[in-house]
Amino acid sequence: MEYIAQEFEQRQWTLYQDNTNKRVYRRKDTEFFIIGKSPKGKISVSFPMKNSDCNYLTEFENYSDVYDYVTDKLDYLDE
């Protein structure tokens with residue numbers, strides 16, 4: 001999770017909430033990127049969609065896949 005946190009920090013996202021089940025990063029007042037444990041025991045990732053008030057939610061089995069996905073979506077949001 002440390003590598004993921006570094007990606008957010010480098011891209012000017014702040015850690016908004018941090019507890020045992022979920023981390024929420026925020027950029028501006030309306031963009032929230034959420035990483036946490038799903039009820040199914042997987043890792044859920046929710047990221048803000050461009051020009052929308054909605055987030056997209058998906059789940060992964062391991063943090064390696066989460067890292068790849070998060071960095072891809074951070075690049076997408078920075079375009």
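1. Helix packing. In this predicted model, helix H1 (residues 2–10) and helix H2 (residues 63–78) have axes that come within 10 Å of each other and cross at roughly 5°. Angles under 35 degrees count as roughly parallel, and H1 and H2 are therefore roughly parallel to each other. On the H1 side the contact is made by Tyr-3, Ile-4, Glu-7 and Phe-8. On the H2 side it is made by Tyr-63, Val-66, Tyr-67, Val-70, Thr-71 and Leu-74. By class, the residues of this contact divide into 8 nonpolar, 1 polar and 1 charged.

2. Glu-7. This residue lies in helix H1 and is one of the H1 residues that make the contact with H2. Is Glu-7 buried or exposed? Its relative accessible area is 12%, and the cut-off for buried is under 20%, so Glu-7 counts as buried. Leaving aside neighbours within four places in sequence, Glu-7 is in contact with Tyr-67, Thr-71 and Leu-74. Tyr-67, Thr-71 and Leu-74 are also among the H2 residues listed for the helix contact.

3. Thr-14. Strand E1 (residues 14–18) contains Thr-14. With a relative accessible area of 46%, Thr-14 is partly exposed. Not counting residues up to four places away in sequence, Thr-14 touches Val-24, Tyr-25 and Arg-26. Arg-27 is 13 residues from Thr-14 in sequence, and the two are 6.5 Å apart in space, C-alpha to C-alpha.

4. Lys-28. The loop between strand E2 (22–27) and strand E3 (31–37) holds Lys-28. Most residues other than glycine have a negative phi. The phi of Lys-28, however, is near 60°, a positive value in a residue other than glycine. Lys-28 has 60% relative accessibility and counts as exposed, since the cut-off for exposed is over 50%.

5. Asn-51. Where is Asn-51 found? Asn-51 lies in the loop between strand E4 (43–48) and E5. The relative accessible area of Asn-51 is 84%, and the residue is exposed.

6. Asn-55. Strand E5 (residues 55–60) is the place of Asn-55. Asn-55 is partly exposed, at 33% relative accessible area. Which residues does Asn-55 contact, leaving aside its neighbours within four places in sequence? They are Phe-32, Ser-46, Phe-47, Pro-48 and Met-49. Asn-55 and Thr-14 are 41 residues apart in sequence, and their C-alpha atoms are 17 Å apart in space.

7. Largest pocket. About 170 Å³ of space lies in the largest pocket. How many residues line it? The lining is made by 13 residues, and those nearest the centre of the pocket are Thr-30, Glu-31, Pro-48, Met-49 and Ser-52. The lining residues divide into 5 nonpolar, 4 polar and 4 charged. Pro-48 and Met-49, listed here near the pocket centre, are also among the contacts of Asn-55.

Terms used: Residues numbered from 1 in each chain as written. Predicted model: local features only at pLDDT ≥ 70, side-chain atom pairs only at ≥ 80, totals over all residues. Heavy atoms only, no water. Axes fitted to C-alpha atoms, helices over the stretch in contact; angles between N-to-C directions. Helix = DSSP H or I, 4+ residues; strand = E, 2+ residues; numbered from the N terminus. Parallel < 35°, antiparallel > 145°, perpendicular 65-115°, else oblique. Contact = heavy atoms within 4.5 Å. Nonpolar A, V, L, I, M, F, W, Y, C, P; charged D, E, K, R; others polar. Buried < 20%, exposed > 50% of the residue type's maximum accessible area, 1.4 Å probe, protein only. 1 Å grid on protein atoms, 1.4 Å probe; cavity = no way out; pocket = protein on both sides within 12 Å on 5 of 7 lines; lining within 4 Å. Points joined across faces, edges and corners; volume = space filled by probe spheres on them.
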